[in-house]
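Visitor: Hi, I'm new to this one. Could you bring it up and walk me through it?

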Amino acid sequence: MTGAEPTAPVTVDRAGGDLARRATADPLYRLVAYALEAAHGRPPAAVWSAPYAFHLGSPGLVAAAGWPTAAAAAPRTDGLVRLSSLGHPADSCDLPLTLSGPPPAAPAWAVRPYTVLRALARAGYGPGGTDLHVQGSLTGAAGLATAEPTDCAVALAVADVHAAAGEPPDRERLARLLASVLPGGDDGLRRAVLFARPGRALLLSARTARRRRHVAFDPAASGARLVLVAVRGEAADRPRDLARAVACARRAGALSAWPPGPEPGRSVLVLLPEARLAAVRAAVAEDFRDRGRPVPRFLNIAVAGAARREE
């Protein structure tokens, strides 16, 4: 790391700067704001949260979960990006923001954020550079996609701090930009992150993701629970363990189950009557303990709204 300061410091009078010291703020956002200041020597100009997202098992139907990832950003003018994450404390890095040619060498975790920052700079968002810190509330072990919410949090935070005060980021433009620069990502999940509403699912058109409408999906309002069941252990054992967990859950009263992403992974979403939650958890746990297998992790999922700026 070079430790260089911006050649012309940027002062932005925005709410992100005191978030680390605001006792009423969510601990995750206080921590992210503090971590950027500790890593890079100045407070953030903005902190954005972005929800993890999931598919509902029907084509084009996605929603956001009430678990966030967060990005704190501060603008620079010297063409440098400084990247850090609490998930990778030994791998912070300072990189030149080049708009063309091969990207500079970077730690594995920072390659994707740098790709997003580079694309944003080409589009006019922050060509002078950015200090950035990212942190999620879940790890990959939960089985929800981590890349797409991070992409959106980074894009929104960087676009915000490099825009005129009071000018909100253009979410549709950012969605198109992310889809073009990260074609291997899940565009449906990104659009859930950017456009979701609490208690609603987002139905995307099969012809174009820009055509969307919201439909009711609020398990809590109908006396149900949506639970993420994540299995542990070796990758080769996960498909069998997931199938076993689903079978146990159904016998104990679960209504339906489906993978949260387009491809089966390490978790399933289970919809069940609220009155059967304890029974389902007990049945799954007992089955796995009896077989000497690690007990799956249960996470309650609230159907949440879109990414937002944390004030």
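Guide: Happy to! Leaving aside neighbours within four places in sequence, Leu174 is in contact (heavy atoms within 4.5 Å) with Leu120, Tyr125, Ala155, Leu156, Ala159 and Pro169.

Visitor: Where do these coordinates and numbers come from?

Guide: This is a predicted model, where local features need pLDDT of at least 70, side-chain atom pairs count only at pLDDT 80 or more, and totals for chains, interfaces and linings use all residues. Residues are numbered from 1 along each chain as its sequence is written, and side-chain values use heavy atoms, with hydrogens and water left out.

Visitor: Back to the core, then. Which residues touch the most other members of the largest nonpolar core?

Guide: Those are Ala71, Leu83, Val116, Leu120, Leu132, Val154 and Leu174, out of 46 residues in that core. Helix α3, residues 147–161, gives the most to this core, with nine residues. A nonpolar core here is a set of buried Ala, Val, Leu, Ile, Met, Phe, Trp, Tyr and Cys residues joined through side-chain atoms within 4.5 Å. Buried means under 20% relative accessible area, exposed over 50%, and partly exposed in between (1.4 Å probe, protein chains only). Helices (H or I, at least four residues) and strands (E, at least two) are DSSP runs, numbered from the N terminus.

Visitor: New topic: in what order do the four strands of the open sheet come?

Guide: The order is β9-β10-β8-β11, with antiparallel pairing; two strands pair if DSSP finds at least two bridges between them. β9 (256–258) and β11 (297–300) are at the edges with a single partner strand each, so one side of each has no neighbour in the sheet.

Visitor: And how many bridges join β8 and β10?

Guide: Seven, in the antiparallel sense, between residues 224–230 of β8 and residues 267–273 of β10. Leu228 has Leu269 in β10 as its bridge partner.

Visitor: What about Val215, is it buried or partly exposed?

Guide: Val215 is partly exposed, at 22% relative accessible area. It lies in strand β7, residues 212–216. Not counting residues up to four places away in sequence, Val215 touches Leu61, Gly199, Arg200 and Ala201.

Visitor: Last one: which ring does the charged end of Arg212 sit over?

Guide: That of Phe195, 3.6 Å from the ring centre. Arg291 lies over the face of Phe288, at 4.6 Å from the ring centre. A charge sits over a ring if NZ of Lys or CZ of Arg is within 6 Å of the ring centre and within 35 degrees of the ring normal.
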